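Subject: Structure for you to look at

Dear colleague,

I am passing on the structure below, together with notes on what was found in it. Please read the notes with the coordinates open beside them.

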Amino acid sequence: MIRPLFLAIALLLWPLAVHAQQADTAEPAPAEQTGPEAEEAAPTTEAAQAEEQAPEIGTSDLPSDEPAWERLASRAEDLARRGDASRFAINRLRAELVSWRDEFLSRTTINAGRIATVEAQIAALGPAPESGEEPAAIADRRAALQSQLDDLTAPRILAEEAHARANGLIGEFDAQILLRETSELTKRGPSPLNPTHLAAAGLALWDVVRVTSSEVVAGFHQQTGDGRLAANFPRAGFFLALAIILLVFARRWVTNWRMRAAQGEGRLLPLWLFVLSLGQIIVPVLGLIAMTAGLETLNVFGLRSGHVVDALPVAGFLVVFAWWLSRHIFPVGQKPGFLGQDAATRAGGRRYGIAIAWVLAVALLFEAALQTIDTAEATRAAMVWPILILLGVLLWRLGRKIKRLPEPIEGETVSQGRMRGIVGKVCTVVAIVAPVIAAVGYDNAGRALMVPWLVSLALIGVILILQRIVNDLSNTRAKDGAETTGGSLIPVVISFALYLASLPIFALIWGARTDDLLEIWTRFREGFAIGESRISPTDFLTFALVFAVGYLLTRFIQGTLRRSVLPRTRLDLGGQNAIVAGFGYVGIILAAIIAITSAGIDLSNLAIVAGALSVGIGFGLQNIVSNFVSGIILLIERPVSEGDWIEVGGQMGYVRSISVRSTRIETFDRTDVIVPNADLVSGQVTNWTRGNLVGRVIVPVGVAYGSDVDKVTEILRGIAEAHPMVVMTPPPSVLFMGFGADSLDFEIRAILRDVNYVIVTRSEMNHEIAKKFAEAGIEIPFAQRDIWLRNPEVLRGEKE
């Protein structure tokens with residue numbers, strides 16, 4: 001749902017990205033250029049002229065004969081060696097090389113099935129003996145198969161060689177273009193601070209205004225005299241009236257409609273408000289297009305004024321988009337917005353953002369008017385520098401508003417946000433650096449820094465708005481009005497997808513060519529090689545799909561075994577869990593092997609790498625592997641099962657779950673203790689309930705010296721026999737254990753029906769013992785100590 005919206009915003013930002021890189025990447029056709037620029041853009045060398053006369057090779061009609069490829073490769077190598085070809089010639093030749101490279105890449109898999117069959121036949125013959133002596137029939141067959149294999153692999157080897165050649169030539173051309181772009185950015189021209197250049201720039205701007213107005217006036221007179229103005233006016237009036245309706249009334253209707261919709265409620269309300277807000281951009285832009293159509297219908301504009309009229313939609317789009325974006329980032333009203341700033345800061349942010357857009361729009365219109373004027377480099381630099389100064393001042397003020405800390409809200413925690421501080425500092429740096437480097441003569445670098453950053457700032461704002469919409473959509477309203485957040489991971493994933501999808505747009509904004517992005521995609525699509533195997537994204541997709549199907553099938557069978565099949569057998573719960581867990585391990589391993597095989601990954605080529613990794617993993621993960629193997633032993637031998645009462649490592653409790661790595665024990669105080677499986681297999685474990693629930697209880701008792709031991713024995717035996725949990729076969733026994741330091745020691749030893757109640761039984765017996773001993777006058781002693789002083793007179797003397 002969010003992805004189409006993001007693509008729509010990307011399309012809206014596309015004119016900005018194109019404008020940001022127009023000065024570096026756009027190159028007019030040779031026929032439309034005059035002056036020294038035409039000589040640089042057009043292919044003037046003999047080699048370039050020969051390229052223009054050669055037939056163009058496209059992807060739809062790609063010749064497959066080798067001479068055509070050799071001719072193209074030779075021409076490309078000659079141009080790459082000389083390095084004097086124009087960008088027009090390089091781009092056309094590069095496109096042909098890309099077509100051939102794709103063709104050669106498809107040929108690298110030719111005869112794959114047949115080659116696999118022949119290799120299997122050779123493997124079936126076994127390795128050749130080291131002595132070289134083997135039966136003649138086998139030797140002849142081996143030689144024939146090897147010769148057949150060589151013939152089958154030859155086309156693949158040649159295709160790989162040609163693919164490498166084409167790929168290398170494309171890389172050489174890309175390096176040349178990058179070197180030229182770098183030299184253009186680092187080229188130092190005349191300083192615009194020279195008063196002579198500033199005066200020439202002022203005269204050129206006045207000439208633009210004068211000539212443009214003269215063209216319009218002359219056009220009106222000519223159209224009026226011929227009577228064509230009156231004939232064209234109804235059609236032009238329709239477009240102009242439509243433009244007024246769209247620019248004034250329709251935009252107001254959409255705004256009011258959105259304000260009314262904001263009063264409603266619903267989970268999808270943020271998305272609906274965002275869609276309505278897009279109408280605030282689309283409707284005015286359509287009005288500007290209608291206005292341009294109406295003005296062009298009048299047919300009163302000349303060459304320069306016509307370029308200005310053609311640039312009106314793009315210039316107007318800059319202003320409308322800046323107005324829309326600033327009202328989302330710095331909203332109007334009492335709500336602080338997602339930046340949490342006060343009203344004054346938000347008003348300033350809107351004001352400076354729209355002002356920057358107006359400056360860019362006016363500069364774009366003047367640039368359109370200057371297209372047909374041959375001005376000197378110093379004059380153009382003097383024209384651009386005041387615009388950079390004005391943009392720098394506005395950007396510096398906007399950066400201060402962006403990095404302003406949010407307004408504290410009582411009872412709420414407002415995020416300070418690190419991103420706003422970073423963006424604000426970058427705005428400050430760009431606002432200072434761009435005019436300064438342009439002032440010292442690096443005009444191209446100044447423009448290449450200022451304009452792309454402004455467009456990048458707009459793109460960051462769009463991403464921030466989309467993130468906010470995703471966060472709002474992930475929140476649901478409870479019935480009592482409280483806001484509860486659900487699916488907290490979804491906004492993070494979608495935000496990451498937004499950042500990832502914006503990377504190509506950022507690259508285009510900062511001067512990357514479409515060919516560069518396509519080259520990255522081609523390298524990604526080709527994959528990477530491991531040994532003789534090449535792994536591509538298609539292989540990853542195949543692996544993921546097959547493994548997912550195998551994993552789901554394994555879980556389905558596990559569920560069927562656990563719910564329907566195993567309960568009908570005589571296996572106990574531990575055995576059922578062992579079978580289900582074992583089937584899960586086997587199923588997942590088989591799913592992984594089948595997925596790897598289906599993806600075409602040759603495991604034999606990875607054997608050496610896997611062997612080397614296994615050594616390191618064996619040393620680093622030996623404890624985990626030990627616990628894993630111990631878990632399998634526990635599931636197979638089942639010395640401990642779920643529900644058993646065990647004692648291990650000083651911990652006593654019930655076994656609640658046995659996993660691959662560890663076992664979870666729930667103690668009597670309801671705490672979970674995670675015990676590694678290796679401790680259960682290699683250590684000493686007491687299983688109180690293994691096999692049955694019968695167990696013994698021991699109750700120690702001490703009586704005072706001088707007590708009647710026979711009477712004590714009789715009382716203790718009666719208490720044990722009377723308890724309902726004590727079994728009579730064998731009967732309980734009372735033992736006189738010995739003479740303690742302070743008491744005569746006895747023990748009650750009895751077998752219980754359920755050992756789980758041993759603590760409760762011991763407590764109940766102790767209560768009964770205390771009661772019976774009190775009735776019989778038998779004393780339960782406590783420790784007593786007598787202290788004798790050897791020289792008490794010394795202490796008495798010190799006291800005196």
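Gly353 is found in helix H14, where helices (H or I, at least four residues) and strands (E, at least two) are DSSP runs, numbered from the N terminus. With a relative accessibility of 17%, Gly353 counts as buried, because buried means under 20% relative accessible area, with exposed over 50% and partly exposed in between (1.4 Å probe, protein chains only). Leaving aside neighbours within four places in sequence, Gly353 is in contact with Ala322 and Leu398, contact meaning heavy atoms within 4.5 Å. The C-alpha atoms of Gly353 and Leu325 are separated by 8.6 Å, although the two residues are 28 apart along the chain.

Before going further, please note that this is a predicted model, in which local features need pLDDT of at least 70 and side-chain atom pairs count only at pLDDT 80 or more, while totals for chains, interfaces and linings use all residues. Residues are numbered from 1 along each chain as its sequence is written, and side-chain values use heavy atoms, with hydrogens and water left out.

Two helix pairs deserve a separate word. The axes of H15 and H17 come within 11 Å and cross at roughly 35°, axes being lines fitted to C-alpha atoms, for helices over the stretch in contact, and angles running from 0 to 180 degrees between N-to-C directions. H15 passes H17 in a left-handed crossing (left-handed if the near helix is turned anticlockwise from the far one by less than a right angle, and right-handed if clockwise). Among the residues that make this contact are Leu388, Leu391 and Leu395 of H15 and Met450, Trp453 and Leu457 of H17. The contact residues of H15 with H17 divide into 11 nonpolar, 2 polar and 2 charged, where Ala, Val, Leu, Ile, Met, Phe, Trp, Tyr, Cys and Pro count as nonpolar, Asp, Glu, Lys and Arg as charged, and the others, Gly among them, as polar.

Helix H12 (residues 303-310) packs with H14 at an angle of about 145°, their axes being 7 Å apart, and the crossing of these two helices is right-handed. Here Arg304, His307 and Val308 of H12 meet Leu365, Ala368 and Ala369 of H14, a set that divides into 4 nonpolar, 1 polar and 1 charged.

Turning to the sheets, 5 strands form an open antiparallel sheet in the order S8-S7-S6-S5-S9, two strands being paired if DSSP finds at least two bridges between them. Strand S8 (672-676) and strand S9 (685-687) are the edge strands, each pairing on one side only, and neighbouring strands of this sheet are turned by 40° against each other on average, direction ignored. Strand S7 (residues 662-667) pairs with S8 over 5 bridges in the antiparallel sense, and Ile665 stands opposite Val673 in S8.

A further open sheet has 3 strands in the order S10-S12-S11, again with antiparallel pairing; its edge strands are S10 (695-703) and S11, and its neighbouring strands are turned by 25° against each other on average, direction ignored. S10 and S12 pair over 9 bridges, with Arg696 opposite Ile751 in S12. Helix H25 (residues 709-722) packs on this sheet, touching S10, S11 and S12, and its direction makes about 20° with that of S12, while helix H26 (residues 758-776) lies across S10 and S12 at about 30° to S10. Strands S11 (residues 733-739) and S12 (residues 744-752) pair over 6 bridges and form a hairpin with 4 residues between them.

Finally, Leu545, in helix H20 (residues 537-565), counts as exposed at 52% relative accessibility.
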